[in-house]
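Here's a quick briefing to get you oriented. Have a look at the model first, then read on.

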Amino acid sequence: MNSRPDQPLRLGTRRSKLAMSQSGHVADAVRAVTGRPVELVEITTYGDVSRENLAQIGGTGVFVTALRDALVRGEVDFAVHSLKDLPTTQPDELVIAAMPERQDPRDALVARDGLTFEQLPDGARVGTGSPRRMAQLNAYAKGLGKSIECVAIRGNVDTRIQFVRDGELDAVVLAAAGLNRIGRGDEATDLLSVDNVLPAPGQGALAVECLASDAELIAALGQLDDAHTRAAVTAERALLAALEAGCSAPVGALADLLADGQIVNEMRLRGVVGTLDGSTLVQLSTTGPVPQSYDEAMALGRELADEMLAKGAAGLMGERSL
């Protein structure tokens with residue numbers, strides 16, 4: 001980190017409205033803790049220009065690689081990612097210096113006529129490009145005694161919601177955190193309970209990444225870190241990694257902090273993997289003390305993954321492409 005106080009810190013970000021909004025919030029926080037100006041450097045990633053289905057281009061890393069390359073080349077000082085876009089293996093030369101407090105991790109439904117998921121008609125067309133969502137939404141619908149047709153879609157938040165406004169789809173499913181961050185949370189017609197649809201590992205959380213060699217910047221960015229968020233998402237990502245799943249696989253996970261009064265003393269980790277049609281889901285949970293270290297959080301995730309594999313999760317992991 002160039003320590004001249006008037007030298008702007010360069011924050012690498014994707015160009016989408018959501019990424020710019022997320023990065024803008026982080027930039028404000030970094031200005032507040034460092035007293036330094038922060039400028040946003042817009043970077044186009046492969047995932048932004050490719051029109052291929054995310055499940056087919058592998059999902060993992062397509063929104064991240066260009067930002068990481070810019071960091072390594074010294075074109076930016078730090079970068080902000082949606083944590084769920086990050087591959088589970090961390091490059092040695094980079095470090096996640098901060099995971100700020102997580103936003104709402106749930107999935108949100110934006111449906112025509114203000115409908116909730118339970119009010120959708122039989123055969124409703126629901127847009128999502130996520131195998132994780134498809135598996136759980138189909139299972140949720142079956143549990144309600146109806147079926148839905150999941151339609152694979154891509155595009156930014158505006159594009160996806162427009163499918164509903166234009167009448168092409170009955171509903172789309174998006175991350176609630178993304179809607180909230182661009183000020184469109186009120187357009188959600190239903191917030192899907194995590195009892196029915198578990199989010200992607202790390203959903204709603206951000207990762208602030210910089211060079212592992214920049215101790216001064218790591219210390220400055222570390223002031224934005226939220227310990228509970230870090231423990232939760234580390235356990236979720238350990239589960240994902242242990243299931244050998246890229247983010248294109250139908251895996252959902254969520255770690256909740258359980259409080260006894262005001263004291264948070266336990267963490268519950270839930271995981272799910274399923275077939276795309278929702279006919280088979282392996283869903284398990286484990287509860288233990290709140291992890292006090294990276295290794296403890298990793299162990300919690302791996303332990304639950306082992307139980308899921310023993311219950312047949314491995315046989316469901318083959319459905320990576322649609």
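This is a predicted model: local features need pLDDT of at least 70, side-chain atom pairs count only at pLDDT 80 or more; totals for chains, interfaces and linings use all residues.

Residues are numbered from 1 along each chain as its sequence is written, and side-chain values use heavy atoms, with hydrogens and water left out.

**Helix H9**
- The buried residues (under 20% relative accessible area; exposed is over 50%, partly exposed in between, with a 1.4 Å probe and protein chains only) are Ala297, Met298, Leu300, Gly301, Leu304, Ala305 and Met308.
- Seen down the axis of H9, these buried residues fall within an arc of 155 degrees (taken from the directions from the helix axis to the C-beta atoms), so they line one face of the helix.
- On the other side of H9, Asp295 and Ala310 are exposed.
- Just after H9 comes Gly312, with a positive phi of about 105 degrees.

**Helix H8**
- H8 has 16 residues and reaches 22 Å from its first C-alpha to its last, close to the 22 Å expected at 1.5 Å a residue (the expected span is 1.5 Å times one less than the number of residues).
- Its buried residues pack against S11, S12 and H9, and among them are Thr229, Glu236 and Arg237.
- Glu244 follows H8 and has a positive phi, near 55 degrees.

**Nonpolar cores**
- A nonpolar core is a set of buried Ala, Val, Leu, Ile, Met, Phe, Trp, Tyr and Cys residues joined through side-chain atoms within 4.5 Å.
- The largest has 19 residues, of which Leu239, Leu243, Met267 and Met308 touch the most other members.
- H8, strand S11 (251-260), S12, S13 and H9 each supply at least two residues of this core, and H8 gives the most, with five.
- A second, separate core of 16 residues includes Ala97, Val208, Leu217 and Leu221.

**An open sheet**
- Five strands form an open sheet with mixed pairing, in the order S2-S1-S3-S10-S4; two strands pair if DSSP finds at least two bridges between them.
- Strand S2 (38-42) and strand S4 (94-98) are the edge strands, each pairing on one side only.
- Strands S3 (residues 78-82) and S10 (residues 206-211) run antiparallel and are joined by five bridges, including the one between Ala79 and Glu209.

Methods
Helices (H or I, at least four residues) and strands (E, at least two) are DSSP runs, numbered from the N terminus. Contact means heavy atoms within 4.5 Å.
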